Amino acid sequence: KDLEEHAAKLLPTERQLLQKDAFLDRLEEHLSAIIDGAKISPFGSAVNGFWTPNSDVDICVRVPGASTRNTQIQVLRQISAELSKATTHHIEPRFGAQVPILHWAPLKPGMVSCDISV
């Protein structure tokens, strides 16, 4: 019983799930306005049921023609320039990683953080 109670505390509330989904919708709307053809695809715990309110959201931004590492990094730089306008989060480029990403983290707890790849 204790284990079930502990597990229940880790699960996101309906409100938190709605916030995550609204965040993803806003992000796709914003990115598609600045990058022609951009579509976001969340993956990992955000879609497999293991996401918790303390988890980040893994997002792949699909962009037509961004198939090489260099073009992916160029797109990530565009995304970084745009997202850096948000005063609620900070961006940490991780272009040296095997898969280049942007880590976008909130400045205060309780907001969604994400890792963005192309």
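## Strand pairing around S5

Trp104 has Cys114 in S5 as its bridge partner. The model is predicted: local features require pLDDT of at least 70, side-chain atom pairs count only at pLDDT 80 or more, and totals for chains, interfaces and linings use all residues. Residues are numbered from 1 along each chain as its sequence is written, and side-chain values use heavy atoms, with hydrogens and water left out.

Strands S4 and S5 pair in the antiparallel sense over 3 bridges, where pairing requires that DSSP finds at least two bridges between two strands. Strand S2 (residues 57-62) pairs with S5 in the parallel sense over 4 bridges. Asp58 stands opposite Asp115 in S5. Strands (E, at least two residues) and helices (H or I, at least four) are DSSP runs, numbered from the N terminus.

## The two faces of S5

In a regular strand the side chains alternate between the two faces of the sheet. From strand S5 (residues 114-117), Cys114 and Ile116 point one way, whereas Asp115 and Ser117 point the other way, and all are buried. Buried denotes a relative accessible area under 20%, exposed over 50%, and partly exposed in between, with a 1.4 Å probe and protein chains only. For Cys114, the relative accessible area is 0%.

## Cysteines

A search of the whole structure finds 0 disulfides, a disulfide being a pair of cysteine sulfur atoms within 2.5 Å. The closest cysteine sulfur to that of Cys60 is in Cys114, at 12 Å, which is too far for a bond.

## Aromatic and charged side chains

A pair of aromatic rings is described by the distance of the centres and the angle of the planes. The structure holds 1 aromatic pair. This pair is formed by Phe23 and Trp104 and is stacked, at 5.8 Å centre to centre with 25° between the planes. Rings of Phe, Tyr and Trp (its six-membered ring) pair if their centres lie within 6.5 Å; planes under 30 degrees apart count as stacked, over 60 as edge-to-face and the rest as tilted. Because Phe23 lies in helix H2 (residues 14-34) and Trp104 in strand S4 (residues 101-106), the pair ties together parts that are 81 residues apart in sequence. Phe23 is buried at 9% relative accessibility, and Trp104 is buried at 7%.

Elsewhere, the charged end of Lys20 sits over the ring of Trp51, 5.5 Å from its centre. That description applies if NZ of Lys or CZ of Arg is within 6 Å of the ring centre and within 35 degrees of the ring normal.

## Nonpolar core

The largest nonpolar core has 27 residues, and those with the most contacts inside it are Ile59, Val61 and Ile79. H2, S2, H4, S4 and S5 each supply at least two residues of this core, and H4 gives the most, with 5 residues. Such a core is a set of buried Ala, Val, Leu, Ile, Met, Phe, Trp, Tyr and Cys residues joined through side-chain atoms within 4.5 Å.

Leaving aside neighbours within four places in sequence, Ile79 is in contact (heavy atoms within 4.5 Å) with Leu31, Ile35, Val61, Leu102, Ile116 and Val118. Ser80 is placed in helix H4 (residues 69-83) and is buried, with a relative accessible area of 16%. Residues up to four places away in sequence not being counted, Ser80 touches Ile91 and Leu102.

## Surroundings of Ala105

Ala105 belongs to strand S4 and counts as buried at 10% relative accessibility. Not counting residues up to four places away in sequence, Ala105 touches Thr88, His89, His90 and Ser113.
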